[in-house]
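This report describes selected local features of one protein structure. The sequence and the three-dimensional model are shown first, and the account by topic follows.

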Amino acid sequence: QAKADGKGIWRAFEPEMAHRARARQAIETDIRKAVEERRFHLAYQPLVDMKSRHVRTFEALLRWDHPERGSVSPQEFIPVVEDLGLIVSLGRWVLETACLQCLKWPEDIRVAVNLSSLQFRDGNFLEVVRQTLKQTGLPASRLELEITESVLLHNEAGALKDLAGLSRMGVRLALDDFGTGYSSLSYLRWLKLDKIKIDRAFVRDIGQDPKSLKLIAGIVSLAKELGLSVTVEGVETRQQLALLEEIGQIDELQGYLFSKPLHIDETLTLIASLSQKRDAA
Ligand code: C2E
Ligand code: MG
Ligand code: MG
Ligand code: MG
């Protein structure tokens with residue numbers, strides 16, 4: 001009886017597992033080809049200054065242009081790219097493309113680029129950034145790199161050295177998704193950071209949940225004590241904005257309330273309209 005049951009279960013699972021393996025293989029083949037042929041583009045989302053409402057930074061967000069599925073989110077494919085060992089190559093393309101794009105913007109606007117922790121693993125990331133800045137001609141001060149705590153999980157000493165070197169070069173460092181890792185606070189001691197970005201998980205229910213609001217307020221005041229700039233991610237509603245304004249001290253806001261990630265052409269249009277407002281003021 002037990003054996004029959006086991007077999008039944010196995011039979012039920014087998015097609016599902018085979019299906020998943022096939023799906024994974026298909027995505028791997030697709031993504032290998034995409035990386036070879038650079039079938040990607042970058043979308044740009046503005047970070048808005050809380051006080052002035054000026055835009056000083058655009059975050060570059062990777063998009064995969066899939067022939068059938070359209071524009072695919074990095075959450076779906078970055079892990080596969082990492083597993084296949086292709087992230088260093090793709091990461092260089094992202095960095096170079098973002099730097100070249102930033103050069104077309106006014107000089108007071110910088111670009112923020114997301115990094116995978118694996119980009120620190122091959123030991124010459126510092127050199128990659130130095131070369132990219134030199135070849136594109138973008139001043140280091142106009143580049144911001146977004147890292148997550150996982151950077152330190154893999155190659156602690158090497159990553160710390162690279163991050164210190166980047167900071168000396170004048171590149172700005174932001175700790176992304178702050179509050180979602182498991183020992184956020186200790187990293188604040190080791191990393192020479194300029195900014196933290198509070199994860200949108202905290203913002204989502206600040207309207208309903210007073211604890212979330214208190215947590216954000218606490219993180220903001222801690223970050224300010226440490227001399228860090230603070231961005232809050234994922235602001236979607238006016239109500240959230242009003243609550244965040246009450247906390248005060250927040251430097252920048254990012255989220256659908258202000259803008260979704262934009263196509264390159266749309267960023268240029270937005271920048272043009274912003275500078276017109278600036279000129280008119
Ligand atoms: P992230 O760096 O934390 O980026 C913020 C994500 O939140 C983006 O998703 C953005 O589109 C989304 N977002 C922004 N505002 C809102 C909002 O108001 N509401 C909601 N619900 N979402 C909002 P996206 O573009 O799908 O990127 C997901 C993650 O993929 C990024 O999270 C980042 O960790 C990673 N990623 C993106 N581009 C790259 C890249 O070039 N290299 C690497 N290694 N990772 C990247
Ligand atoms: Mg980011
Ligand atoms: Mg984030
Ligand atoms: Mg994220």
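Ala-223 is found in helix H9. This is a predicted model, and in it Ala-223 has a relative accessible area of 2%, so the residue counts as buried. Its C-alpha atom lies 9.8 Å from that of Gln-249, a residue 26 positions apart from Ala-223 in sequence.

Leu-222 also has its place in helix H9, which comprises residues 210-225. Leu-222 is partly exposed, because its relative accessibility is 35%. Together with Leu-185 and Leu-226, Leu-222 forms a nonpolar patch on the surface. The accessible area of these three residues together is about 270 Å².

## The magnesium ion (ligand 2)

Four protein donors surround the magnesium ion (ligand 2): Glu-59 (OE), Asn-114 (OD1), Glu-146 (OE) and Asp-176 (OD). Their distances from the ion are 2.0 to 2.2 Å. Along the chain, the donor residues follow the spacing E-x54-N-x31-E-x29-D. Glu-59 belongs to strand E2 (residues 55-66) and Glu-146 to strand E5 (residues 143-147), so this pair ties together parts that are 87 residues apart in sequence. Both Glu-59 and Glu-146 are buried.

Which residue coordinates both the magnesium ion (ligand 3) and the magnesium ion (ligand 2)? Asp-176 does so, and the two ions are 4.2 Å apart. Asp-176 has a relative accessible area of 8% and is therefore buried. Asp-177, at 27%, is partly exposed.

## The largest pocket

The largest pocket has a volume of about 1200 Å³. Its lining comprises 39 residues, and those closest to the centre of the pocket are Leu-61, Pro-74, Gln-75, Asn-114 and Asp-176. Two or more lining residues come from each of strand E1 (40-49), E2, helix H2 (74-83), H3, strand E4 (110-114) and strand E6 (172-178).

## The cavity

How many cavities of 30 Å³ or more does a search of the whole structure find? The search finds one. The largest cavity holds about 50 Å³ of space.

The residues that line the largest cavity are Val-88, Arg-92, Gln-119, Asp-122, Asn-124, Phe-125 and Val-128. Helix H3 (87-102) and helix H4 (125-136) each supply at least two residues of this lining. Helix H3 also gives two or more residues to the lining of the largest pocket.

## Salt bridges

Side chains of opposite charge can pair when their charged atoms come close. The structure holds 13 salt bridges, among them one between the side chains of Glu-37 and Arg-39, with an N to O distance of 2.6 Å. Glu-37 is partly exposed at 38% relative accessibility, and Arg-39 is likewise partly exposed at 38%. Another salt bridge joins Glu-245 to Arg-53, with the closest N and O atoms 2.5 Å apart. Glu-245 lies in helix H10 (residues 238-247) and Arg-53 in the loop between E1 and E2, so the pair ties together parts that are 192 residues apart in sequence. Glu-245 is partly exposed at 40% relative accessibility, as is Arg-53 at 33%.

A further salt bridge is formed by the side chains of Glu-144 and Arg-172 (3.0 Å, N to O). Glu-144 is in strand E5 and Arg-172 in strand E6, so the contact ties together parts 28 residues apart in sequence. Salt bridges that share partners join Glu-144, Arg-172, Lys-195 and Glu-252 into one network.

How values were computed:
Residues are numbered from 1 along each chain as its sequence is written. Chains are lettered from A and ligands numbered from 1 in the order in which they are written. This is a predicted model: local features need pLDDT of at least 70, side-chain atom pairs count only at pLDDT 80 or more; totals for chains, interfaces and linings use all residues. Side-chain values use heavy atoms; hydrogens and water are left out. Donors are N, O and S atoms within 2.8 Å of the metal (3.2 Å for Na, K and Ca); water is not among the atoms, so sites may look incomplete. Buried means under 20% relative accessible area, exposed over 50%, partly exposed in between (1.4 Å probe, protein chains only). Patches are made of residues with over 30% relative accessible area and no salt bridge: like charges are joined within 9 Å, nonpolar side chains (Val, Leu, Ile, Met, Phe, Trp, Tyr) within 5 Å. Accessible areas come from the Shrake-Rupley method with a 1.4 Å probe; for residues, only the protein chains shown count as cover. A salt bridge is a side-chain nitrogen of Lys or Arg within 4 Å of a carboxyl oxygen of Asp or Glu. Helices (H or I, at least four residues) and strands (E, at least two) are DSSP runs, numbered from the N terminus. On a 1 Å grid over the protein atoms alone, a cavity is a set of points where a 1.4 Å probe fits but cannot get out, and a pocket is an open set with protein on both sides within 12 Å along at least five of seven lines; lining residues have an atom within 4 Å of a point. Grid points are joined across faces, edges and corners, and a volume is the space filled by probe spheres set on the points.
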